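This briefing concerns a predicted model. Please look through the sequence and structure shown below before turning to the points that follow.

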Amino acid sequence: MNTIEKINKILSNRQILYLLLLAVVLGIMLHPLGIPIGIAGQTRDVYNYVDKLPQNPKILMDVHYDPAGATELQPMAGAFLRQILVKNPKIVFFTTHNIGPIMFERLRSFFPDVFSQLKYGDDYVNLGFLPLVEATFASMAKGCQEFVGRDAYGASTADMPIFKVADKAADFNVVVLLTTSTDPIEYAIRQWYTAYKMPLLFMVVAVIGPSVQPFVASGQAVGMLSGQNTAAQYELLLKKPGSAVAAVDAQSGAHVLIMIYIVLGNLIYWPMRKMSKKSGGKTK
Amino acid sequence: MFGLWIGAALTVWLFSFAFKDNALYKLAEHLFVGIAAAYNFTIAIDGILKTGIAPIQQGNILRIFALILGCFFFAKYFGKYSWVARFGPAFVIGVGLGISVTTAPEGFVLAQVKSSMLPLWTGDLLQSLTNILMTFIVLGGLTYFMFTFVPGIRGAAKKAPGTRLYDAFLKIGIYGMMIGFGALFASTIVSRVAYLIGRLTDLIASPEASIVATILVIGAIAYAYRHEKKTAVGKLEQKEPRKTP
Amino acid sequence: MIRRHGPYLTITLLIVFFFITYLFTTPQPVQLFGTQLVQWASVVGYFAILVGTIDIVIFHLKPLRSKESGQWQYSAVLLIITAIGLVTGTAGVLSGAGINYQPFAWLYNAIYVPSNATVYAILVFYIASASYRAFRIKNAQAAFLVLVGFIIMFADIGLGYVIWPGFVPLGNWINTYPVAAAFRPIIIGSGLGVIITGLRALLGRDVYGR
């Protein structure tokens with residue numbers, strides 16, 4: 001058996017591939033490398049857009065992510081809230097993900113510096129979980145307070161001061177969609193942007209970034225942050241590095257390893273296939 | 001503290017599925033599904049109270065029809081009246097289609113077509129080349145998805161100009177989509193690695209729990225391998241019974 | 001008649017109603033009724049979740065009743081934890097605390113949150129194994145896909161910025177322009193699909209209903 005066949009025999013065992021990946025990511029997490037991060041133009045555009053929002057902006061925010069997506073989206077949400085805090089915002093939070101209520105409570109506990117400066121009922125409100133159907137988005141645009149009689153904590157929304165200034169589509173300066181799937185984005189494009197021209201800002205996990213890019217390119221969204229790397233860039237722009245910046249080194253290590261797997265896989269496969277054709281056998 | 005231990009154990013046991021299906025993985029999976037079912041039930045009840053009952057108490061009496069329509073779902077458990085259950089989803093689908101079909105042409109089709117009509121010369125060379133590239137990629141992609149009309153006669157000795165043009169745009173479309181899928185592949189890796197980093201962060205935060213859970217799952221995997229071997233030997237003996245002297 | 005065609009008639013009437021209110025100026029009561037219908041649809045959505053939970057419980061009662069070998073123990077565990085969750089969750093809702101009711105919050109923070117995150121995190125292992133074992137560059141298009149993928153990967157990671165700072169603006173340009181153009185036909189196609197689905201439901205030509 002020659003060298004190529006020996007290497008192939010080891011790496012064909014998928015458990016070895018998994019353990020190598022775990023070792024690299026865990027190793028780098030325990031011993032960070034301090035790799036610098038470049039800032040992409042799209043991230044800078046989002047930062048500048050938020051910076052140019054008027055004073056006392058009214059924001060509608062859909063916290064549509066699960067614990068897996070929180071690794072990418074929670075740093076983005078926290079950085080956005082920290083940036084907008086100086087403008088005395090009014091924020092209506094809701095979620096169309098069933099685990100969203102838990103994620104909102106975690107957001108509150110992870111960023112006490114933000115929420116301690118906002119008064120519940122006056123500056124922000126949490127409407128809790130609303131079903132992920134297009135009708136929810138249409139109803140919210142027509143009037144949040146009329147649609148949702150009670151907030152996530154059982155309090156009546158009828159007397160909350162925030163709904164006097166931030167209730168219907170026309171009231172909001174920007175809608176922020178923190179999402180792990182394309183459904184809320186499609187519903188928002190149809191029911192909010194197309195119907196009412198509400199400005200949409202996407203903060204999405206990297207996996208759906210490319211498929212949502214056309215909406216940003218066509219101007220239907222004012223900007224997009226996609227993935228943990230842009231979350232890290234956003235944190236750096238705000239000069240408040242957090243968990244996203246801390247993860248960049250491990251991301252680099254994992255990416256390099258996967259690139260090595262792809263290159264190695266092809267470098268080993270094609271010669272082995274040639275050898276096997278010459279000998280008349282089958283290649284694994 | 002106990003919660004952290006359970007969380008770490010469940011994380012390690014669920015990860016073990018990548019190596020081998022085992023008893024601890026099945027236990028973790030069933031715990032997850034069970035609590036997920038209970039949690040979803042609870043937030044649904046909470047949501048019905050919030051958007052169904054509370055508005056009625058505030059004076060919006062018509063909301064009661066929503067509750068009646070929702071109760072139609074439960075008819076599926078009563079054999080004779082299970083046909084009533086179809087009205088619940090029919091209502092949701094009807095409203096959903098009604099509001100999406102009216103806005104989809106403008107939101108999805110017209111807006112995208114409009115933004116594809118880019119000036120091919122803007123004065124700036126890079127922007128112009130970008131616009132030309134984007135226009136060709138969009139046209140190529142649309143050509144690729146056009147299944148019903150293919151110009152010319154397939155297999156003809158000499159290709160007609162229309163067929164050549166079609167083939168050219170088809171090729172551009174394919175390469176254009178390769179750009180999109182290459183970006184999608186790279187983005188998928190970012191997301192999945194981020195999920196792994198999130199879990200490892202929690203495991204690093206409770207190292208004792210993680211180590212104990214890992215030792216237990218190694219034992220479970222070893223047991224699963226041994227059990228599989230025994231079952232395979234047993235099946236072999238059934239096919240070819242051992243010959244006793 | 002109403003058993004078979006009632007749901008389709010419901011869908012058709014609703015689509016026609018929303019078409020009329022969208023395309024024509026209608027009296028205020030009609031518009032208000034339209035708003036009510038949209039709000040009702042959102043409320044009805046919660047009941048689908050309830051039915052899903054009940055179905056899971058019914059599904060796992062079967063192996064328990066028949067003592068199905070290798071499964072009934074796990075089904076028992078599932079049903080026990082579901083029962084505990086339902087009791088604590090309902091207590092929370094009735095007390096007004098909702099999901100913040102302490103015992104219920106402990107349950108989902110200890111079990112649901114880490115499990116949910118891990119189920120998605122497992123996928124990275126399959127990507128790693130597929131990268132070595134299945135990703136074969138067999139033609140020019142595959143090679144082009146890998147080339148673009150590598151450029152974007154270098155743009156995404158800090159190491160790419162160290163190797164060549166130009167990866168970041170190049171990756172940003174690829175994502176902003178060619179990628180947007182590549183996915184545009186797919187979005188146009190999905191928009192046309194939504195329109196066609198609506199028209200088929202309107203005309204009673206819904207294939208899935210047959």
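**Helix, sheet and chain contact**

In chain A of this predicted model, helix α4 (residues 67-84) lies across β1 (58-64), β4 (174-179), β5 (200-204) and β6, and its direction makes an angle of about 160° with that of β4(A).

- Six strands of chain A form an open sheet in the order β3-β2-β1-β4-β5-β6, and their pairing is parallel.
- Because β3 and β6 (223-226) of chain A are at the edges and have a single partner strand each, one side of each is left without a neighbour in the sheet.
- From one strand to the next, the twist averages 15°.

**Strand β3(A) and its partner**
- Strand β2 (residues 90-95) of chain A pairs with β3(A) in the parallel sense, over four bridges.
- Within this pairing, A:Val125 in β3(A) is the bridge partner of A:Val92, while A:Tyr124 in β3(A) stands opposite A:Ile91.
- Strand β3 (residues 124-129) of chain A is mostly covered, with six of its six residues buried.

**The contact with chain C**
- Chain A contributes 52 residues to the contact and chain C contributes 46 residues.
- On the side of chain A that touches chain C, the elements giving two or more residues include α2 (14-30), α3 (41-51), α4 and α13 (243-279) of chain A, and α13(A) provides the largest share, 14 residues.
- Sorted by class, that side of chain A has 32 nonpolar, 16 polar and four charged residues.

Definitions and conventions. Residues numbered from 1 in each chain as written. Chains lettered and ligands numbered in written order. Predicted model: local features only at pLDDT ≥ 70, side-chain atom pairs only at ≥ 80, totals over all residues. Buried ≥ 20, exposed ≤ 12 C-beta atoms within 10 Å, placed from the backbone. Pairing = 2+ DSSP bridges. Axes fitted to C-alpha atoms, helices over the stretch in contact; angles between N-to-C directions. Contact = placed C-beta atoms within 7 Å. Nonpolar A, V, L, I, M, F, W, Y, C, P; charged D, E, K, R; others polar.
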